[in-house]
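Please keep the sequence and the structure in view while reading.

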Amino acid sequence: LKEKIRSFAKMRNWEPYHNPKNLLMALSVEVAELVEIYQWLSSTEAEVAHHDLQRKQAISEEVADILLYLVCFADMVNIDLKRAVLEKMALNAIKYPANDRVE
């Protein structure tokens, strides 16, 4: 995925615009666009928003944009996303131990 994103940006000469600040700003805009889809929905409506095919397509596109910018940012600052996620989950497991009860 990293390689595809790098190649895509290179073919469009976007590299001069890709720096950590710009990528984070773009990422925040894409997150805001996803939030906008849900902004005025009730909690109940939000839980089933993805059942509407047109809305699901919009959600999917925003999620993809978010992932694209996140992967690009992590690549630029040399963060191994898989390692970072696994390490954070291990820390969270210590901070928030599992409850053996299932409710």
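Which residues form a nonpolar patch on the surface? The patch is formed by Leu 1, Leu 67 and Leu 70, which together have about 270 Å² of accessible area.

## Basis of the model

The model is predicted: local features need pLDDT of at least 70 and side-chain atom pairs count only at pLDDT 80 or more, while totals for chains, interfaces and linings use all residues. Residues are numbered from 1 along each chain as its sequence is written, and side-chain values use heavy atoms, with hydrogens and water left out.

## The surface patch

A patch of this kind joins nonpolar side chains (Val, Leu, Ile, Met, Phe, Trp, Tyr) within 5 Å, or like charges within 9 Å, among residues with over 30% relative accessible area and no salt bridge. Accessible areas come from the Shrake-Rupley method with a 1.4 Å probe, and for residues only the protein chains shown count as cover.

Leu 70 belongs to helix H4, residues 53-76; helices are DSSP runs (H or I, at least four residues) numbered from the N terminus. Because its relative accessibility is 33%, Leu 70 counts as partly exposed (buried is under 20%, exposed over 50%, partly exposed in between, with a 1.4 Å probe and protein chains only).

## Salt bridges around Arg 6

The structure holds two salt bridges, a salt bridge being a side-chain nitrogen of Lys or Arg within 4 Å of a carboxyl oxygen of Asp or Glu. Glu 3, Arg 6 and Asp 75 are linked in a network of such bridges.

Glu 3 pairs with Arg 6, the closest N and O atoms being 2.6 Å apart. These two residues are three residues apart in helix H1, so about one helical turn separates them. Glu 3 counts as exposed because its relative accessibility is 52%, whereas Arg 6, at 36%, counts as partly exposed. The side chains of Asp 75 and Arg 6 also meet in a salt bridge (2.6 Å, N to O). Asp 75 lies in helix H4 and Arg 6 in helix H1, so this pair ties together parts that are 69 residues apart in sequence.

## The largest pocket

The largest pocket has a volume of about 310 Å³. Its lining consists of 14 residues, of which Phe 8, Trp 14, His 18, Leu 68 and Tyr 69 lie nearest the centre. Helix H1 (2-11), helix H2 (20-38) and H4 each give two or more residues to this lining.

A pocket is an open set of points on a 1 Å grid over the protein atoms alone, where a 1.4 Å probe fits, with protein on both sides within 12 Å along at least five of seven lines; lining residues have an atom within 4 Å of a point. The volume is the space filled by probe spheres set on the points, which are joined across faces, edges and corners.
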